[in-house]
Amino acid sequence: MRPVAEDPGLNWDLGPPPRARRRMLIVVASIVGAILVVAGVWQILRPKASPAAVSGSTTAGDTVLLAPPSGYEGAAGYPVGFPRTELGAASAAAAALEAAWTLDVEQAEQAAVLYAPPDQHDAARAGAREAVTGWREILGLPREGALPEGAAMRTRTIGIQWRPRGQDQVQVSVLVQVTATKGAQDTGPTYSSPYAMSLLMAWQPGMRGANQGDWVNIPDPLATSVPRVALPGTPEFTAAGWKPISGPAPAQ
C-alpha cells in the first residue's frame, strides 16, 4: 500500500491559504447540486408546506446514523428520496457532496442535477464541470479529457452537524475525507485530506415525482461560517461541533 499524504492545512482559519487551497475555496462554492456561486440570481425556495420535523432518534449517543434514501438513480446509484426531517436534510447534503466531488465530468453533472432545483439544472451542470476541472488541477491531472488509468477520487462523509434555518430549510455542515490517486503509474503518495462545507437544504415538493418530495441544495443568502476542519477522535473535532458518522467504515 502506498503512503498517504495528508494535506497539512486542516484549519482554514489560520490565515491565507496557499495558492492551490485558494483555488479550492473558489471551486468549492460550485460543487454540490445547487452549489453554484450565483446566489444573488437564484430565487430562494420557501415552500408553504409544513416545516421539517425533528426526528427523535437521529443519534446514538454523539454518533449520527444517516437516514436511508427511498431510492437510487443513475448508473452510479446516487441516493435520493430522503425523509422530511432535519436528519433527512443532513443525509441529503452528505449524499450530494459525496456524489458531486468526483473527477468524472459526466458523473458530476448527473449528481449536480439530482440535487439541484429543476429551474437550475443548466447552471448546476456548468458548476459541476467547473468543479471537476478545479479538482483535476489541484491533483495535477489533465484539466479535460481522459484521465490516466487508475486515476480516481473518493469523497466520504466523516462528520456532520446541522441546525434549522426556516420553514423546510436546514443548514447542514458536512465534513468529508477526500482521497485521490493520480493513476496506476503514479509512485507518489495517495492524496488524502479532510474538507468542510456548509449547505442550505430546502424541501422541494414533487422533486422525485408526484407527491414525492426531496431535499435540494439552494444558495444561502446569509454569510455563514464553516466549522473548523478536524479529524474524528480529536478534541478539535468535538469542539467544532462535529458528530461522527456511525456504521462500518467503507472498504478502502
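Here are a few exercises on backbone angles and salt bridges, each with a worked solution.

This is a predicted model, in which local features need pLDDT of at least 70 and side-chain atom pairs count only at pLDDT 80 or more, while totals for chains, interfaces and linings use all residues. Residues are numbered from 1 along each chain as its sequence is written, and side-chain values use heavy atoms, with hydrogens and water left out.

**Exercise 1.** Find where Asp-168 sits, and work out whether it is buried or exposed.

*Solution.* 
- Start with the backbone: Asp-168 isn't a glycine, yet its phi is positive, near 55°.
- Next, locate it: Asp-168 is in the loop between strand S6 (152-166) and strand S7 (169-181). Strands here are DSSP runs of E with at least two residues, helices are runs of H or I with at least four, and both are numbered from the N terminus.
- Now the cut-offs: buried means under 20% relative accessible area, exposed means over 50%, and partly exposed is in between (1.4 Å probe, protein chains only).
- Asp-168 has a relative accessible area of 0%, so it is buried.

**Exercise 2.** Say how many salt bridges the whole structure has, then take a look at the one between Glu-109 and Arg-129.

*Solution.* 
- Here's the idea: side chains of opposite charge can pair when their charged atoms come close.
- The rule used is a side-chain nitrogen of Lys or Arg within 4 Å of a carboxyl oxygen of Asp or Glu.
- Searching the whole structure gives six salt bridges.
- In one of them, Glu-109 pairs with Arg-129, and their closest N and O atoms are 2.9 Å apart.
- Glu-109 belongs to helix H3 (residues 105-114) and Arg-129 to helix H4 (residues 121-139), so the pair ties together parts that are 20 residues apart in sequence.
- Glu-109 is buried at 19%, whereas Arg-129 is partly exposed at 39%.

**Exercise 3.** Which side chain does Asp-220 meet in a salt bridge, and where do the two partners lie?

*Solution.* 
- Asp-220 meets Arg-165, at 2.7 Å from N to O.
- Asp-220 is in the loop between S9 and helix H5 (235-239), while Arg-165 is in strand S6.
- The two are 55 residues apart, and the pair links distant parts of the chain.
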